[in-house]
Amino acid sequence: MELDIGWSDGVTISTKECAIRFDPSKKGVKSFNFISHAHGDHTMGLSNGNEIFLTAETRDILDSGGRKNLNCNALKYDRPVEIDKLKITPFNAGHILGSAQFKIETPDLTIVYTGDINCRDMLTTSAAKAVSCDTLILETTYGNPSYIFPRQEEVYTEIIDWILSKIHEEKIPTFKVYSTGKAQEIMRLVNKFTTIPVVAHHTISKISEAYNKNGVALKYIDSNSEEGKKILREKQCVYITPSSEDALIDEDYSKAIATGWAMRYKSSVSYTAFPLSNHADFNQLLNYVEQAKPKRVYTVHGFRDDFGKYLKKNLGINAKPITHLSQVNLGRYI
Ligand SMILES: [Zn+2]
């Protein structure tokens with residue numbers, strides 16, 4: 001079976017009969033579109049009139065953000081769909097609620113597209129497992145040896161200690177984080193280890209409804225409610241707000257961010273930084289490759305060049321970065 005793998009407004013696998021595109025970046029290109037998860041940089045090509053496949057949980061998150069009645073096929077983990085002669089199966093990617101990696105089986109070979117992936121158990125997601133394949137298309141955001149994250153428990157403890165110290169100082173410990181995934185992780189951490197109420201910015205509280213609906217229990221109070229406003233005035237709470245929110249200049253608020261980039265960009269005078277990530281670090285990526293045993297790896301995002309070179313040099317694997325600059329035909333299989 002003739003098959004091309006390349007970049008054409010998204011990672012694209014095409015046969016003579018059809019094109020399958022993962023996380024397309026533009027609208028309007030004719031293909032079957034698979035969306036790995038609900039983050040904005042992976043959903044830019046939604047609503048483009050093409051047939052869309054995503055997990056039911058991803059659909060719920062998109063619904064909560066106002067993209068209701070999305071015309072899509074809701075998938076379940078481990079249940080394949082067939083398109084032309086390709087069998088495509090979603091598996092847990094461990095990144096945020098509903099995130100999926102996809103295994104694509106052809107008559108001749110097996111390809112895996114990971115999307116954003118995380119191979120450690122978190123409080124709101126379980127670890128992704130490596131999927132055996134011939135060709136691996138791997139997300140390499142942190143594919144550099146300077147990004148080896150500390151033990152999760154250490155980071156959780158640091159965060160809780162910081163929250164308690166700020167409350168003691170009569171400040172409001174405030175997390176400026178991604179509204180989907182990181183916000184719920186912080187929320188669950190506070191719920192699990194303290195009795196401090198969590199006030200969530202309205203955007204985050206809408207998305208958190210999708211988590212509760214799908215069995216990830218979260219307790220929070222909407223910042224727009226009378227109760228939320230009252231608790232914020234009393235300063236006896238944790239506040240979680242989107243990273244894009246600039247309004248908090250009040251000295252009552254002590255700000256923190258939580259991201260893998262905190263390994264490099266340490267705390268500053270205006271915020272405290274915690275290295276809490278829902279992406280795989282360098283070691284997790286390496287473990288994934290060693291367990292999946294691909295013959296060929298394409299690296300996407302972040303340190304794609306560094307990680308590709310490392311695989312070639314140290315594991316002897318044929319590895320190439322996928323750049324987003326142009327349409328590139330990366331491989332042809334007969
Ligand atoms: Zn993501």
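**Notebook: a zinc site and a helix pair**

I started with D116 and found this residue buried, with a relative accessible area of 6%. A reminder to myself: this is a predicted model.

Next I looked up what D116 is doing there. D116 is one of the protein donors of the zinc ion, through OD.

I then read off the spacing of the donor residues along the sequence, which is H-x1-H-x55-H-x20-D. H95 sits in the loop between β8 (86–92) and β9 (100–105), and D116 in the loop between β10 (110–113) and β11 (135–139), so this pair ties together parts 21 residues apart in sequence.

Is H95 buried or exposed? I looked, and H95 counts as buried because its relative accessibility is 2%, where the cut-off for buried is under 20%.

I also checked the geometry. The four donor atoms subtend angles of 91 to 166 degrees around the zinc ion, which makes the arrangement irregular. For tetrahedral, all angles would have to lie between 85 and 135 degrees.

On to the helices. I picked α2 (residues 152–168) and α3 (residues 182–193), which pack at an angle of about 75 degrees with their axes 11 Å apart. I therefore wrote them down as roughly perpendicular to each other.

Which residues of α2 and α3 meet? From α2 I listed Y156, I159, I160 and I163, and from α3 E185, I186, L189, V190 and F193. Sorted by class, this contact has eight nonpolar residues, one charged and no polar ones.

How values were computed: Residues numbered from 1 in each chain as written. Predicted model: local features only at pLDDT ≥ 70, side-chain atom pairs only at ≥ 80, totals over all residues. Heavy atoms only, no water. Donors = N, O, S within 2.8 Å, 3.2 Å for Na, K, Ca; no water. Tetrahedral: all angles 85-135°; square planar, octahedral: opposite > 155°, others 65-115°. Helix = DSSP H or I, 4+ residues; strand = E, 2+ residues; numbered from the N terminus. Buried < 20%, exposed > 50% of the residue type's maximum accessible area, 1.4 Å probe, protein only. Axes fitted to C-alpha atoms, helices over the stretch in contact; angles between N-to-C directions. Parallel < 35°, antiparallel > 145°, perpendicular 65-115°, else oblique. Contact = heavy atoms within 4.5 Å. Nonpolar A, V, L, I, M, F, W, Y, C, P; charged D, E, K, R; others polar.
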